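The sequence and the structure come first.

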Amino acid sequence: MMERIDRLIDEVRDMAMVNEHPAVLEIIKHRTPASVYPVRKVGNARIVKTPYSPGYYDYSTVDGYKLYHLAKTQTVTSLQRRDTTGNVSRWRTWMDDNPRHWRVMDAFAHELHGKVLLGGLGLGLVLHALQDNTLVTQIDVVEYDADVIKLMKHNMPTDGRINIIHADLWQYQMVAYDSAMIDIWVWTSLAQKAATLSEVVLCIERVLSKNRDCEVAIHGWPTLSHPRFNDALKLDINKGG
Ligand SMILES: C[S@@+](CC[C@H](N)C(=O)[O-])C[C@H]1O[C@@H](n2cnc3c(N)ncnc32)[C@H](O)[C@@H]1O
C-alpha cells in the first residue's frame, strides 16, 4: 500500500514538472452546504463529522487534478448507515461531502435541466447545488431508506420543485425525464458493486425507454454518463472516476 502511494506521489511530482497545470489542488478551507448539518441519528442512519487530516487525497482527475492537498485538518460531514450482518453491527459511510464529492455534485447539478430524476438522496448535496439552476422545473428524488429521508428532512432546501419519493430505484415506476443523476454508491463488496452496475445499466435503459434524449449522469461511472457531465468536470474518462 505504502509503495503504491509513494509511486503515485512520484507520478504526480513528474506530472507537475512536465505540465503547466498543477497536478495537486490546494484546499485552504473546505465548506459545503452540509457543513452546517447538525450531528444527529434517526434509527439506522446518522450524520457525523469526521476530521480529514493534513495530507493528499484522491481527486480522480476532476478538473485535471489527480490529488487534492489539505494543509490543515478539515471537517467533513458524512451520512452513515448501520449495517448489521449476523450479530455484527457497524456504521458505514454512504456519502460524505469531501472536496471531490462536493465538486462533482455541484458540477452535475449545473448540467441538469427540465424534469430531473435523482437516484439516491444521500446528503442532499445535489439539491443544494440545484438551487441556482433555473433550467430545472421538477426534481424527483427516489430514496429507498426511510431513516435517511427522516434524517434529511430539516437539512434540505425549501424548494417547491422537490418531490421525495420513498421507493427502491430498481422498482420505481419510471416516467419520462429530461435529465437524471444516479448516485446509489453504497456497496460494500466487489460482488455487490458488479450487481449494482448491472442494475444501473438496466435503470439507464428504463430512463431512456421513456425519453431517448434524457441526459443521464452516473456518479462513479463516467463511461456510462452523458459526455456533458464529464466535460463539465474536465474529466479524463480513461483515468478518472
Ligand atoms: C451516495 S448517496 C447519494 C448522494 C447524493 N447524490 C448527494 O448529493 O448527497 C446514495 C444514496 O442512495 C440511496 N440508495 C442506494 N440504493 C438505492 C436504491 N436501490 N434505491 C433508492 N435509493 C438508493 C442510499 O440510501 C443513499 O441515501
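## Strand pairing around β6

β6 (74-85) and β7 (88-96) form an antiparallel pair with eight bridges; strands pair if DSSP finds at least two bridges between them. Helices (H or I, at least four residues) and strands (E, at least two) are DSSP runs, numbered from the N terminus. Within this pair, T85 is opposite V88 of β7, and T84 is opposite S89 of β7. The hairpin of β6 and β7 has two residues between the strands, and G86 in that hairpin has a positive phi near 60°.

β6 also pairs with β3 (45-52), again in the antiparallel sense and over eight bridges. Here V48 faces S78 in β6.

## Basis of the model

The model is predicted: local features need pLDDT of at least 70, side-chain atom pairs count only at pLDDT 80 or more, and totals for chains, interfaces and linings use all residues. Residue numbers start from 1 along each chain as its sequence is written.

## L79 in β6

Strand β6 contains L79. L79 counts as buried because it has 27 C-beta neighbours inside 10 Å. The cut-offs are 20 or more other C-beta atoms within 10 Å for buried, 12 or fewer for exposed, and partly exposed in between, with C-beta atoms placed from the backbone.

Which residues does L79 contact, leaving aside its neighbours within four places in sequence? They are A45, I47, W94, M95, G122, L123 and V148, where contact requires C-beta atoms, placed from the backbone, within 7 Å. The C-alpha atoms of L79 and K49 are separated by 9.1 Å, and these residues are 30 apart along the chain.

## Domains and their contact

The protein chain is assigned domain 1 (2-100) and domain 2 (101-232); such bounds come from an automatic or database domain assignment. The C-alpha centres of domain 1 and domain 2 are 21 Å apart. Domain 1 gives 23 residues to the contact and domain 2 gives 16 residues.

On the side of domain 1 that touches domain 2, at least two residues each come from β2 (40-42), β3, β6, β7 and α2 (99-111). That side of domain 1 has eleven nonpolar, five polar and seven charged residues. In these classes, Ala, Val, Leu, Ile, Met, Phe, Trp, Tyr, Cys and Pro count as nonpolar, Asp, Glu, Lys and Arg as charged, and the others, Gly among them, as polar.

## Helix α2

α2 has 13 residues and spans 19 Å from its first C-alpha to its last, close to the 18 Å expected at 1.5 Å a residue. The expected span is 1.5 Å times one less than the number of residues in the helix.

Ten of the 13 residues of α2 are buried, so the helix is largely enclosed by the rest of the structure. The buried residues in α2 are P99, R100, H101, W102, V104, M105, A107, F108, A109 and E111.

## Ligand shell

The ligand is surrounded by 22 residues, the closest being G120, G122, L125, Y144 and L169. A residue is near a molecule if its C-beta atom, placed from the backbone, lies within 6 Å of it. The elements that give two or more residues to this shell are β7, α3 (125-129) and β9 (136-143). By class, the shell has 15 nonpolar, three polar and four charged residues.

## Positive phi and loop residues

Most residues other than glycine have a negative phi. S60 is not a glycine, yet has a positive phi of about 50°. S60 sits in the loop between β4 (55-58) and β5 (67-70) and is partly exposed, with 18 other C-beta atoms within 10 Å. K234, also a residue other than glycine, has a positive phi near 45°. K234 lies in the segment after α6 (227-232) and is partly exposed, with 14 other C-beta atoms within 10 Å.

M156 is located in the loop between α4 (146-152) and β10 (162-166). Its 17 C-beta neighbours inside 10 Å make M156 partly exposed. Not counting residues up to four places away in sequence, M156 touches G124, L127 and I162. Between the C-alpha atoms of M156 and L135, 21 residues apart along the chain, the separation is 19 Å.

Note on methods. Two residues are in contact if their C-beta atoms, placed from the backbone, lie within 7 Å.
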